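Here's a quick tour for anyone opening this one up for the first time. Have the view ready and follow along, topic by topic.

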Amino acid sequence: MLSSRVTQTAFVLITVSALLLAACSGATTAPSASPAAAATAAPQAPAAGSSEISIGVAVAQSSNVSLFGQEQVLGAQIAEKYFNDKGGVNGTPIKLVYQDTAGDEAGAINAFQTLINDNVVAILGPTLSQQAFAADPFAEKAGVPVIAPSNTAKGIPQIGQYISRVSAPVAKVAPNAIAAALKINPDIKTVAVAFAQNDAFSKSETGTFQQVITDTYKFDLATVQTFQTTDTDFTTQASNIMNVQPELVVISGLAADGANLIKQLRDLGYTGLIVGGNGLNTANIFPVCQAQCDGILVAQAYSPQLDTAINKQLVDTYAAEQKKTPGQFTAQAFAGVQVLVEALQAVDQKTPIKGMALADLRTALNEQLLSGMIFDTPLGEISLDPEGEINQSQFYVAQIKMDSDGKTGQFVLLK
Amino acid sequence: MNATMLAQQILNGLAVGSVYALFALGYTLVFSILRVINFTQGAIFALGAYFTYLFTGSAFGFNGLLANAALPFGLPFPLAALLGGVLAGLVAIGVERIAFKPLRDKGADPLLTLVSSLGMAVVIVNVIQYLVGAEIYSFPASVMAGLPAALTFGPANNPIRIRTVQVIIFGVSMLFVVALTLMVNRTQLGKALRAVAEDATTASLLGINTDQLIQFTFFMSGLLGGIAGVLIGLSVSIAGPYFGISFGLKGLAVLVLGGLGSIPGAVVGGLAIGLAESLVPPDFVAYKEVIAFLFLFVFLLVRPQGLLGRPLTQKV
Amino acid sequence: MSNFLTTYGALIVSMVFAAMLALSLYLPLMAGQLSLASPGFYAIGGYVAAILSTTVFNTGESPYPLTFVVVEMLVAALASGVLAMVIGTLALRLRGIYLALATIAFVEILRVLALNLPITGGAIGIFGIPQPFETSLGYLWIAGPMLLASAWFVYRLERIRAGRALVAIREDELAADAMGINPTFHKVMAFTLGAILAGLVGVISAHFLNTWNARQGTFDASIAYLAFVLVGGSRTFLGPIVGGMALTALPEVLRAVAGTPGLPIELAQFLREGRMILYGILIVAVAVSFPQGLITPALLRRKRAVKP
């Protein structure tokens, strides 16, 4: 039996060599770039001989944020197949390279760095706005375009020239739901708001909701309750809410917590209207509130019921594989890939991208993205303004209608 | 707060308190015998819920290695829950063998068991995620069919309500406490457990098979944790593999407040914290989280043995 | 090699920070005190830097002047030090797991305060923190010397009377007290030193990460630092440093290994998505097989003895 001394030293040596091994293999590993490209200091774009354009996807594939990341991966995969089947970028297929950001800022930074050094043309991601604030500056410094598929906090496109997003900011989406609620019940006077205090997105969204409630509609904001995304019991907050007898309750949170709050509100006897924020804009809430999800109003940047060819394509492909309708995260990821592919096609038509230096290609792509060209995506017709902010004219409000079995439901578009 | 509100919040507090208590029971059992905190409790809690979900014949989602897997049969819920708890208990024994026993045999610092049990928790939670993905699952609605969503008390125009499933949880945790206390205080087995808790070496010298008893303790704590996971999963659905981890932290506060190692203490501590949290004035609900930890901090300074624990003596 | 540095520059800096944070936990541990309070002071340091650099010191100069960073560090050190002395004097009468729990409570309370006070920006936190360096690797200009200085400090501490007093307290507090060593003074001193170190790392981390929020100082972080020390080595100053660096690098090493060409697909997929499983297994394996951690005084003595 080896002495513990030897084993100990061995352990240490193994750890160190693994790190070195990773370092060396990291320099030569670039699954889709040609070997010559990786070794040089000035990376080349897909050189003559390489047959794919690699696009990085940095979303949360592990940790509890993976609930959203999983949906984004699906959207990206469907887009990859769809566009490659149509010939990719004027004949050259695209290849999506995935790096898991996990749920925190450091993981996002690491994922971005790995992708940048894998010579991707652009990056789709990260999942959370918080991660974006940390990781996007690295892409900006490296001159790599970033398309954010799900960052909706204020200030994201302003991080840098190369940072854009296809996810409409909270300030645009949220107010529509209140308007819809008023249409259903014109007698709304008292409103209660609840939000997840430990989630940056929810905090940002509730700011918008509260402002709209007090300034635009002049309702009486009777109480603001907070909870944590990790909470499971909301009876205290629910009772506080019911005590002020509101006609409308507005909730900003994520799927599990938001849906549990709603279920407990209904269990304890609340019968008024409920508006859910963007975090509840997912079929993931159905298992939680089940039959009591019925009637929730949600403002969306995406509706599966939008009747355009490309949206039907997305919805049908997704439904064939997953047996349900795609949600906002999936559609926005799809749109992100689409935007990159179509911009690349436009760049290629002006100057052939084969043989372009990678840095030049990335810059040309970014310019094309921000040129105001219109993309016909499942989100509707969108374009990017010079700052990288999305111009989206169509927003939707849906009301949830649960099926009789209480397990499945639809987000029914309200006209 | 008027009288109805007060009564409602007290009811809410007792309800959430019994959830904390149920979780803490498994924790306190291991602590009382081994003087170590088993950080895998949160992961085993989740496991119990997932196992039971599997046994009810429900299907897993499309992510993970076991995409769309489902058992070809479905057991009635109480049986599935029991089986889920038993399996969770067996996993707990596995955890003990891997992460606790080797350290105990070496006489290592209890801090190391803290870290190794945490490592096991990371492994278990990530294995669950790898196998079945991170989606939210819930038990079939048929489990609660026929029962009203909430029980109502008081006048019709100003009722107070409590969710039915929380009444069940309260009942079950009381049942467990009584059963555990009886077992520890009135049975031969319980006597042996107390002997091991007092001094493991002497107990083994007296012919008690400490190793087996420790395994039994872990099994029980895993069973309790697993069933707690099932019940809470029933109440709020299984929100991903991490849904037990957040209880771990609050559970510590419950343990200290009630008295580390005291079984009735786990319930008293849980209810106390639950009540304190729900009675926070509505405008300060944001600081509800601080309550548990403020209690923890203050009690540690003032009365570390908690409400029902034995006063700590310093061995020279 | 330059490719390696560009890809892993951020990781290397994170590793250096982790090593220092592990040291901040090691300091009270030398006296036998398991304090999980470091993330709280780390968060405080970060907030000091974030708030000062985005308000009072916000001159818009780029890169952000290093003198301001030094001032932030002084403020953070003061804040952490004073708070640590107060908390320490209150809490360090507790032993073992009770002290650990008290420090856990402290960190949680700080976290909830950070989520709710307007000045900290709540869950959104503070972003757009000015950068004193252009590249991630540039941070090594500060982080490197800081690590060397703190390592040297702890190394010297182990050898002077105060340090030996800490070890004496760890081995047997009553006996040390009987011998005339003031336990409370020494314990609070170790605790405060650890807190100041964590606060300083917080300051530079805030600049490094561009953004700071309540998620930087949580219970999960406490456990990570504890793992660094217990896996790396809890009896010598080199242990936390090695542990901090190795465990921070590990998930990324696994990510890189997953990318090696020629690996069977299932293995690569497992390495990518099941990284954390391997991480957990490693923690358990080391904790169980090496109770004093990987780097022990015995190992170092033996190495020294073997040299001709």
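Which domains does the domain assignment of chain A give? There are two entries: domain 1 covers 47–168 + 310–384, and domain 2 covers 171–300 + 396–413. Keep in mind that this is a predicted model.

**The domains of chain A**

- Taken over C-alpha atoms, the centres of domain 1 and domain 2 of chain A sit 30 Å apart.
- Where these domains touch, domain 1 of chain A puts in 10 residues and domain 2 of chain A puts in 12 residues.
- On the domain 1 side of that contact in chain A, you'll find three nonpolar, five polar and two charged residues.

**The five-stranded sheet of chain A**

- One open sheet in chain A has five strands in the order 2-1-3-4-5, and its pairing is parallel.
- Strand 2 (94–100) and strand 5 (163–165) of chain A each have a single partner strand, so one side of each is left without a neighbour in the sheet.
- Strand 1 (residues 53–59) of chain A runs parallel to strand 2 of chain A, and seven bridges join them.

**The seven-stranded sheet of chain A**

- Another open sheet in chain A is built from seven strands, ordered 7-6-8-9-10-14-15, and here the pairing is mixed.
- Its edges are strand 7 (220–227) and strand 15 (409–413) of chain A, each pairing on one side only.
- Going from one strand to the next, the twist averages 25°.
- Strand 10 (residues 297–300) and strand 14 (residues 396–402) of chain A run antiparallel, with four bridges between them.
- For a landmark there, A:Leu297 has A:Gln399 in strand 14 of chain A as its bridge partner.
- Helix 8 (residues 235–243) of chain A lies across strand 6 (190–196), strand 7 and strand 8 (248–252) of chain A, and runs at about 175° to strand 7 of chain A.

**Helix packing in chain B**

- Helix 1 (residues 3–34) and helix 5 (residues 164–186) of chain B pack at about 40°, with axes 9 Å apart; they are therefore oblique to each other.
- The crossing of helix 1 and helix 5 of chain B is left-handed.
- Residues that meet there include B:Leu14, B:Ser18 and B:Leu25 from helix 1 of chain B, and B:Phe170, B:Ser173 and B:Phe176 from helix 5 of chain B.
- That contact between helix 1 and helix 5 of chain B has 12 nonpolar, three polar and no charged residues.
- Helix 5 of chain B also packs with helix 10 (residues 263–278) of chain B, at an angle of about 155° and with axes 9 Å apart, so helix 5 and helix 10 of chain B are roughly antiparallel.
- B:Ser173, B:Val177, B:Leu180, B:Thr181 and B:Val184 in helix 5 of chain B meet B:Ile263, B:Pro264 and B:Val267 in helix 10 of chain B.

**Where chain C touches chain B**

- This contact takes 33 residues from chain C and 36 residues from chain B.
- Helix 4 of chain C gives the most to the chain C side, with 11 residues.
- By class, the side of chain C that touches chain B has 28 nonpolar, three polar and two charged residues.

Conventions. Residues numbered from 1 in each chain as written. Chains lettered and ligands numbered in written order. Predicted model: local features only at pLDDT ≥ 70, side-chain atom pairs only at ≥ 80, totals over all residues. Axes fitted to C-alpha atoms, helices over the stretch in contact; angles between N-to-C directions. Helix = DSSP H or I, 4+ residues; strand = E, 2+ residues; numbered from the N terminus. Parallel < 35°, antiparallel > 145°, perpendicular 65-115°, else oblique. Left-handed = near helix turned anticlockwise from the far one by under 90°. Contact = placed C-beta atoms within 7 Å. Nonpolar A, V, L, I, M, F, W, Y, C, P; charged D, E, K, R; others polar. Domains from an automatic or database assignment. Pairing = 2+ DSSP bridges.
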